[in-house]
Amino acid sequence: MELKVLGQEQESSGCSSGSCGSTDDQLSHLPDAIREKVHNHPCYSEEAHHHFARMHVAVAPACNIQCHYCNRKYDCANESRPGVVSELLTPDQAVKKTMAVAANIPQMTVLGIAGPGDPLANPERTFETFRQLSEKAPDIKLCVSTNGLALPAAVEELSKHNIDHVTITINTVDPEIGAKIYPWIFWNNRRIKGKKGAKILIEQQQKGLEMLAEKGILVKVNSVMIPGVNDKHLEEVSLIVKQKGAFLHNVMPLIAEAEHGTFYGVMGQRGPTHDELQTLQDACSGDMNMMRHCRQCRADAVGLLGEDRGDEFTMDKIEEMDIDYDAAMIKRAEIHAAIAHELEQKQKQPKESLVTLSSIKKETRPVLMAVATTGGGVVNQHFGHATEFLIYEANTTDVRFISHRKVEDLYCSGGDTCGDGETVLSKIIKVLDGCEAVICSKIGYEPWSQLEEAGIMPNGEHAMEPIEDAVAAVYKEMAESGALDESESNNELATA
Amino acid sequence: MAYSIVEKCVKCHACAPACPNEAIYEATLHFMVDPKKCTECEGDFADPQCASICPIEGAILDGYKVVANPPGSLTGIPAEKFEEVMAEIQAR
């Protein structure tokens with residue numbers, strides 16, 4: 001299918017609405033061939049993730065290694081994190097589900113296999129799913145996420161199935177550190193523990209990365225940031241994987257709660273703070289494209305990143321659906337073209353509000369703001385409905401996307417036993433720590449006053465506006481009111 | 001003598017393709033070993049394959065009904081620590 005690559009015509013003076021300004025996050029400096037592959041992939045392009053959806057099918061239950069942040073025992077429907085699923089699928093079921101979702105959510109462009117174990121430790125199930133889909137639904141991009149142990153042996157097969165994206169989770173290149181993350185691997189018919197096992201895993205990951213790069217298959221590297229274990233080391237990892245041909249690095253925060261029963265959870269290993277994560281991502285971004293919009297989704301997630309519509313597509317519901325995929329493909333192509341057109345138009349519009357940002361005096365300090373959105377790249381969500389916020393940083397020259405922050409108890413939204421009596425609002429205020437404004441389509445009176453009291457200015461005046469424009473406008477208002485003069489910031493910090 | 005899989009199994013499928021004798025099959029509640037086919041991998045591998053790839057402590061028993069992977073051996077979490085933390089969570 002011929003979809004136009006966005007933003008290609010423009011020189012670097014153009015400002016893509018996804019990640020503005022001079023950060024290294026944008027994909028604009030990548031070769032055309034790579035941008036063509038990622039422009040509608042929500043997990044690879046920050047721009048795309050506002051408009052295009054993805055899904056994972058849980059066909060790969062077995063794993064060949066143990067990671068200290070994973071526990072293979074649990075399936076909680078309320079939990080959202082990698083490795084967790086509700087319903088294991090056979091390849092035939094997965095193909096049926098994928099086609100049903102593609103027909104019902106036409107902006108779904110990508111099918112990934114990510115677990116709940118390791119896709120390449122289940123080669124028959126994984127490749128059978130890919131084989132059928134590349135034949136029956138050629139308009140869906142296929143991708144796979146792996147720990148890398150079985151990758152070198154699978155590269156040849158992967159390259160046969162129209163798979164042009166592979167994610168490898170690489171947490172370290174040092175076996176000493178690896179031994180603190182991976183207690184064992186299963187390799188050549190033996191369970192190998194400690195440093196010896198970690199060394200083999202690292203070798204296979206690096207070899208797999210090089211082989212994929214040689215074949216022209218795009219590689220994203222995921223790394224879990226584990227404070228005190230690999231946090232200092234990940235900058236080096238970023239450099240090395242870039243040298244070997246990875247095109248995007250996604251540093252994710254460790255998820256560790258005692259309730260998950262994982263080694264890190266039970267042993268009290270903490271995850272990084274928002275600040276620590278951002279500092280590391282910024283440090284790596286000097287050398288590498290960084291991904292900041294990852295939602296660390298479940299191995300059976302369906303929908304836009306940040307939403308999960310899996311409940312609408314359980315196997316019993318799918319059995320009742322009658323899918324005409326040929327008709328669906330026509331509709332999908334139309335919708336993809338319409339989104340592409342819309343994005344193109346957006347790029348052509350002059351960025352009035354952003355242009356005027358440069359008129360603000362230079363000593364004005366940068367500000368973090370939280371945005372409530374359901375997707376589409378616009379401010380369109382009621383404050384009270386937001387389950388996550390996108391965090392943007394505005395300064396005098398540009399607006400850039402920093403991260404997302406989830407509202408609920410972070411990884412569990414389940415029953416009464418999960419709460420600790422804290423009100424949802426006070427939790428949200430904690431989640432928005434460091435932000436000075438929250439931009440949403442609407443907000444109620446009570447949260448308004450409490451947010452204000454906490455030093456976070458609510459703003460409901462930019463509903464349906466593009467996010468960057470709204471952030472820029474609010475920043476301008478704040479700057480003009482004198483709230484951002486350097487001396488003022490010290491006062492605010494003192495009272496915060 | 002034969003290995004066996006007990007109710008702690010979480011049906012992750014890892015053991016079945018690893019078995020050189022196709023002795024492992026999926027049953028309703030968990031995977032099972034057909035004792036007539038199991039050779040404990042003797043002659044094929046140095047270690048029994050199902051017990052070497054299984055990620056769940058206590059899910060596989062050896063021919064003497066002894067747990068092949070006792071608590072703490074795979075996760076690295078000391079058994080007492082695990083019990084202590086779980087008790088804490090229960091008490092919340």
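Here is a walk through a predicted model with two chains, A and B.

Let's start where the chains meet. Chain A brings 23 residues to the contact and chain B brings 28 residues. Together they bury about 2100 Å², and 61% of that lies on carbon and sulfur atoms. One to look for is Glu259(A) with Arg92(B), whose closest N and O atoms are 2.7 Å apart. On the chain A side, β6 (184-187), β7 (190-193) and α8 (263-267) each supply at least two of the residues that touch chain B. Sort the residues on that side by kind and you get 11 nonpolar, 5 polar and 7 charged.

Now for the aromatic rings. The whole structure has 4 aromatic pairs over all chains. In the pair Phe127(A) and Phe130(A), the ring centres are 6.4 Å apart and the planes stand at 55 degrees, so this pair is tilted; planes would have to be over 60 degrees apart to count as edge-to-face. Both of these residues sit in helix α3 (residues 123-136) of chain A, 3 residues apart, which is about one turn of the helix. Are they buried or exposed? Phe127(A) is buried, at a relative accessible area of 6%, and Phe130(A) is buried as well, at 0%. Another pair, Phe263(A) and Tyr264(A), is edge-to-face, with 5.8 Å from centre to centre and 65 degrees between the planes. Tyr264(A) is buried at 3% relative accessible area. Phe263(A), at 19%, counts as buried because the cut-off is under 20%.

Back to charged side chains, this time looking at the whole structure, which holds 19 salt bridges over all chains. Lys215(A) and Glu156(A) form one of them, at 3.3 Å from N to O. This pair ties together distant parts of the chain: Lys215(A) is in helix α6 (residues 194-215) and Glu156(A) is in helix α4 (residues 151-160), 59 residues apart. Lys215(A) is partly exposed at 40%, and Glu156(A) is partly exposed at 47%.

Helix α4 of chain A also holds Lys160(A) and Glu157(A), 3 residues apart, or about one turn of the helix. Their side chains meet in a salt bridge at 3.7 Å, N to O. Lys160(A) is exposed, with 58% relative accessible area, while Glu157(A) is partly exposed at 24%. These two also belong to a network of salt bridges that links them with Glu128(A) and Arg131(A). Elsewhere in chain A, Glu276(A) and Arg270(A) form a salt bridge with their closest N and O atoms 2.9 Å apart.

Most residues other than glycine have a negative phi, and most peptide bonds are trans. Gly115(A) and Pro116(A), though, are joined by a cis peptide bond, with omega at about 15 degrees. Pro116(A) is in the loop between β3 (108-113) and α3 of chain A. Over in chain B, Lys11(B) has a positive phi of about 60 degrees without being a glycine. Lys11(B) is in the loop between β1 (4-5) and α1 (15-18), and it is partly exposed at 24%. Glu40(B) has a positive phi too, near 60 degrees, and lies in the loop between β3 (31-33) and α2 (49-53) of chain B.

Definitions and conventions: Residues numbered from 1 in each chain as written. Chains lettered and ligands numbered in written order. Predicted model: local features only at pLDDT ≥ 70, side-chain atom pairs only at ≥ 80, totals over all residues. Heavy atoms only, no water. Contact = heavy atoms within 4.5 Å. Buried area = accessible area lost by both parts, 1.4 Å probe. Salt bridge = Lys/Arg side-chain N within 4 Å of Asp/Glu carboxyl O. Helix = DSSP H or I, 4+ residues; strand = E, 2+ residues; numbered from the N terminus. Nonpolar A, V, L, I, M, F, W, Y, C, P; charged D, E, K, R; others polar. Phe/Tyr/Trp six-rings, centres within 6.5 Å; stacked < 30°, edge-to-face > 60°. Buried < 20%, exposed > 50% of the residue type's maximum accessible area, 1.4 Å probe, protein only.
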